[in-house]
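Please look over the model before reading on.

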Amino acid sequence: MTPPAAKVLIVSASMGAGHDGVAAELARRLAAAGVRVAVVDVLALLPLRLGVVLRWWYRTVMLRAPWLYAIVYRIFFVSRRASRARAVSPLTVVVAAGLSRVVRRLRPSLVVPVFHVAAQAAGHLRSRGRLAVPSVVVLTDFAAHRLWLHGGNDRYLCPDAATALAVTAATGRPAFRHAPIVRPGFAAVRAPGRSVHTRLGLPDGDRIVLVGAGAWGVGRVVRTARALCRSGPRNRPRDRQGDGQGDGQESGRYVPVVLCGRNEGLRRRLSRLFGEPPGPAGLALGWRDDLPGLLAAAYALVDNAAGLTCREAFAARVPVVTCLPIPGHGRDGVLAMARAGVSVHVRRPAGLLRELDRLAPGSPARAALTARAEALFDAEPAEALLLRFARPDGAALTVS
């Protein structure tokens, strides 16, 4: 008799786009291996549209009062008092009840949280015997704050060895390093950027520096863009004719292309700062589906949150420089990435140009940085690790 196919329940969160991006790619890979996959939004598990309210609150605070999020993060996410706390938060209890209902309905053989509240809820259920199948947390942050950590979860998959060691020390549970979960298009051979420059209306020789702001367009990216606009004309790369001037337009040695996500107000503000074509000092783009092509043409990525876009840049062998991180998990994440040696953190925009100059194509600094980031992909893929726990009969599956 043929054993039943495994079913994996991935628990994500529509907080921005990073967690959902990881969930979607992980689901695609598992489905390709013959696993049935369901993805649920943890916010949808909350009653009375509380998930919608929570997302609105978080987005509003990050856009208008990031200092408030910094306080909340320090008190509830990473403080020593929070680390010693044993009580389960009301939010975790409510989410756990909703997750329990979904598990009874779908009957998965494995639960995979990719968001910290989901990890708390799954661990809570496991520790109380209310979740009969394993829970394996895929940690999407380089810095594992307290809300990711619950000893009730069976295993953790982490972005690097240092994070895995910290998770095991905190929870007592096995933790493994896994390769970054990004779409395959980012790892394709780098194509010439000419078509991208043409599509964006930029001279072929311009050094595009992508500036990430997440799906919601958060952070102090205007300050970052201003610093790049002042880069001046020196070190300008030569075009195909070798005259060093592209189409003759004067511009800085770096051209900021800011990814504003779905923040139309930020895009308009930056467009006014940059000026209008021809010859703008930079570009402000809305939500884009062609990020693999943009990264293929980019000189570097300047990021402020250590999220999925950084992993995509790692896959594309594009250097990542972080500056003016968003508070809380963003700040801790960029510092953890810098300690891992896969990115460079610049404390102030004034140092940004100097660091970008140091990472010139062909330089030892650029080669070393991108090599360390690329080495992250030498770890075992997350889907291969998950498949060890997903089959009801314990049989091995081959990832296609």
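## Salt bridges: rule and count

A salt bridge here is a side-chain nitrogen of Lys or Arg within 4 Å of a carboxyl oxygen of Asp or Glu. Side chains of opposite charge can pair when their charged atoms come close. By this rule the count comes to 14 salt bridges.

The model is predicted: local features need pLDDT of at least 70, side-chain atom pairs count only at pLDDT 80 or more, and totals for chains, interfaces and linings use all residues. Residues are numbered from 1 along each chain as its sequence is written, and side-chain values use heavy atoms, with hydrogens and water left out.

## Overall make-up

The secondary structure comes to 16 helices and 12 strands. Both are DSSP runs, numbered from the N terminus: helices are H or I with at least four residues, strands are E with at least two. Buried residues make up 55% of the 400 residues. Buried means under 20% relative accessible area, exposed means over 50%, and partly exposed lies in between (1.4 Å probe, protein chains only).

The protein exposes about 18,100 Å², and carbon and sulfur atoms supply 55% of that area. Accessible areas come from the Shrake-Rupley method with a 1.4 Å probe; for residues, only the protein chains shown count as cover. Of the contacts with a separation of 6 or more, 67% join residues 24 or more positions apart. A contact means heavy atoms within 4.5 Å.

## Selected ion pairs

Which residue forms a salt bridge with Glu-383? The partner is Arg-29, with the closest N and O atoms 3.1 Å apart. This pair links distant parts of the chain: Glu-383 sits in helix H16 (residues 382-390) and Arg-29 in helix H1 (residues 18-32), 354 residues apart. Glu-383 counts as buried, at 7% relative accessibility. Arg-29 is buried as well, with a relative accessible area of 14%. Both belong to a network of salt bridges that links Glu-25, Arg-28, Arg-29 and Glu-383.

Asp-332 forms a salt bridge with Arg-74, the closest N and O atoms being 3.2 Å apart. Here too distant parts are linked: Asp-332 lies in helix H13 (residues 329-340), Arg-74 in helix H3 (residues 66-78), 258 residues apart. Asp-332 is buried at 14%, whereas Arg-74 is partly exposed at 37%. Glu-380 pairs with Arg-388, with closest N and O atoms 2.8 Å apart. Glu-380 is partly exposed at 32%, and Arg-388 is partly exposed at 49%.

## The E4-E5-E6 sheet

3 strands form an open sheet in the order E4-E5-E6, with parallel pairing. The edge strands are E4 (136-138) and E6 (175-177), each pairing on one side only. Neighbouring strands are turned by 20° against each other on average, direction ignored. Axes are lines fitted to C-alpha atoms, for helices over the stretch in contact, and angles run from 0 to 180 degrees between N-to-C directions.

Two strands pair if DSSP finds at least two bridges between them. E4 is joined to E5 (residues 155-158) by 3 bridges. Val-138 has Leu-157 in E5 as its bridge partner.

## Helix H6

Is H6 (residues 116-127) largely enclosed or open? 10 of its 12 residues are buried, so H6 is largely enclosed by the rest of the structure. Among the buried residues are His-116, Gln-120 and His-124. The buried residues of H6 pack against strand E1 (7-12), H3, helix H5 (90-106), strand E3 (110-113) and E4.

At 1.5 Å a residue, H6 should span 16 Å, and its end C-alpha atoms are 16 Å apart, which agrees. The expected span is 1.5 Å times one less than the number of residues. Just after H6, Gly-129 takes a positive phi of about 70°.
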